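Trainee: I have a new model open. Can we work through its features one by one?

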Amino acid sequence: NSLLMFVVSTFVSLPLVLLLSYIIFKKVPGYKVFRVLFYLPAILGATIMAQIFKSLLMTGGPVEQLLNKLNVPMSDMTRFAGLLGSEETGMTMLIIFTLWTGVGVNMIMFTGAMNRIPQDIFESARIDGVGFFREFFNIILPLIWPTVTTMVVFSMVGIFSNASLVMLLTPENQSTWNIGYYILTYTLNANNTIRVEDTFCYPAAIGLIFTIVNIPLVFGIKALCDRIGKDVEY
C-alpha cells in the first residue's frame with residue numbers, strides 16, 4: 001500500500017497537477033473558478049476534507065444512492081461496510097481522495113514557479129509560433145524542473161511514514177493500512193502490554209529499518225531527476 005500510494009502521487013497526481021497548473025497559468029476562460037475549486041482542499045484542511053469525504057461515502061450516503069440509481073453492482077460486503085470500510089473498495093477510495101486533495105498545495109507551488117518565468121521568453125516563443133503543448137513541454141517544464149524534483153523527493157521521503165490518510169479515513173479497514181500507520185498503531189498500543197517484544201522497541205526498529213531502506217532511494221530519485229533536467233537560472 002505504501003508503494004502504491006507513492007506511485008499514484010508521483011506518476012498520476014503530479015503530472016495531473018502540473019497540467020492543471022499550466023492551464024490556470026495560461027488563464028483559460030473560467031480559470032478563476034477552477035482555481036478556487038482546486039485550492040479548496042488546501043484551504044479547508046485535510047481533517048475537514050476527510051469528514052466531507054466520509055460523509056459522501058458512508059453506508060446509505062449520496063455516493064451509494066447514486067451508484068444504486070445507476071445500477072452499479074456492489075457486493076454485500078461493500079453495502080454493509082461502506083465504500084471506505086470494504087476491503088474491495090477501500091484502497092480505491094483512498095486513491096481518489098489522494099488525487100482530489102493533492103491538487104491544492106502542489107498547484108500553489110507550480111503556479112508560483114511558472115509566474116517567476118520572465119514574460120520575454122513567452123513573447124519570443126509566441127513569435128516563433130510555439131503552441132500550447134510545445135510551450136508546456138519545451139519551456140515550462142524545463143524551467144520549473146527544480147520544483148518538480150523537490151515535490152518528487154518530498155513524496156519519496158514520506159513513503160514509509162505517512163499515516164494521516166489512513167488514520168483519517170480507514171483506520172478500521174486493515175486492507176488499506178500502510179507502513180506508517182502500522183508503526184503508529186503499534187506505538188499507541190505499546191503501553192497496554194508487558195511483553196518486551198510489544199514495547200516501543202519493535203516499532204522503533206521498524207522505523208529505523210525503513211529509514212535505512214529509504215535513504216538510498218531518496219538520493220537515487222534525486223540523482224535521477226537531476227540527470228533528467230538541469231537547474232536553470234533566469
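Predicted model: local features only at pLDDT ≥ 70, side-chain atom pairs only at ≥ 80, totals over all residues.

Mentor: Residues are numbered from 1 along each chain as its sequence is written, and side-chain values use heavy atoms, with hydrogens and water left out.

Trainee: How many helices and strands does the protein chain have?

Mentor: Helices (H or I, at least four residues) and strands (E, at least two) are DSSP runs, numbered from the N terminus. Along the sequence the pattern reads α-α-α-α-α-α-α-α-α-α-α-α-α. The C-alpha trace spans about 70 × 50 × 30 Å along its principal axes. The count is 13 helices and 0 strands.

Trainee: Which residues lie closest to the centre of the largest pocket?

Mentor: On a 1 Å grid over the protein atoms alone, a pocket is an open set of points where a 1.4 Å probe fits, with protein on both sides within 12 Å along at least five of seven lines; lining residues have an atom within 4 Å of a point. A volume is the space filled by probe spheres set on the points, which are joined across faces, edges and corners. The largest pocket has about 860 Å³. Of its 33 lining residues, the closest to the centre are Ser9, Thr98, Thr101, Gly102 and Asn162.

Trainee: How many charged residues are in the lining of the largest pocket?

Mentor: Ala, Val, Leu, Ile, Met, Phe, Trp, Tyr, Cys and Pro count as nonpolar, Asp, Glu, Lys and Arg as charged, and the others, Gly among them, as polar. The lining of the largest pocket has 18 nonpolar and 15 polar residues, and the charged count is none.

Trainee: Which element gives the largest share of the lining of the second largest pocket?

Mentor: The second largest pocket has a volume of about 300 Å³. Of its 17 lining residues, Thr10, Leu14, Trp145, Val148 and Val152 lie nearest the centre. By class, 16 are nonpolar, 1 is polar and none is charged. The largest share, 7 residues, comes from helix 1.

Trainee: Is Cys225 buried or exposed?

Mentor: Buried means under 20% relative accessible area, exposed over 50%, and partly exposed in between (1.4 Å probe, protein chains only). Cys201, at 57%, counts as exposed. Thr211, also in helix 13, is partly exposed at 42%. At 8%, Cys225 is buried.

Trainee: How many disulfides does the structure hold?

Mentor: A disulfide is a pair of cysteine sulfur atoms within 2.5 Å. By that test, the number is 0.

Trainee: What is the phi of Asn71?

Mentor: Most residues other than glycine have a negative phi. Asn71 sits in the loop between helix 4 and helix 5, and is exposed at 67% relative accessibility. Its phi is positive, at about 60°.

Trainee: Where is Lys27 found?

Mentor: Lys27 has a positive phi near 55° and is not a glycine. It is exposed, with a relative accessible area of 56%. Its place is the loop between helix 1 and helix 2.
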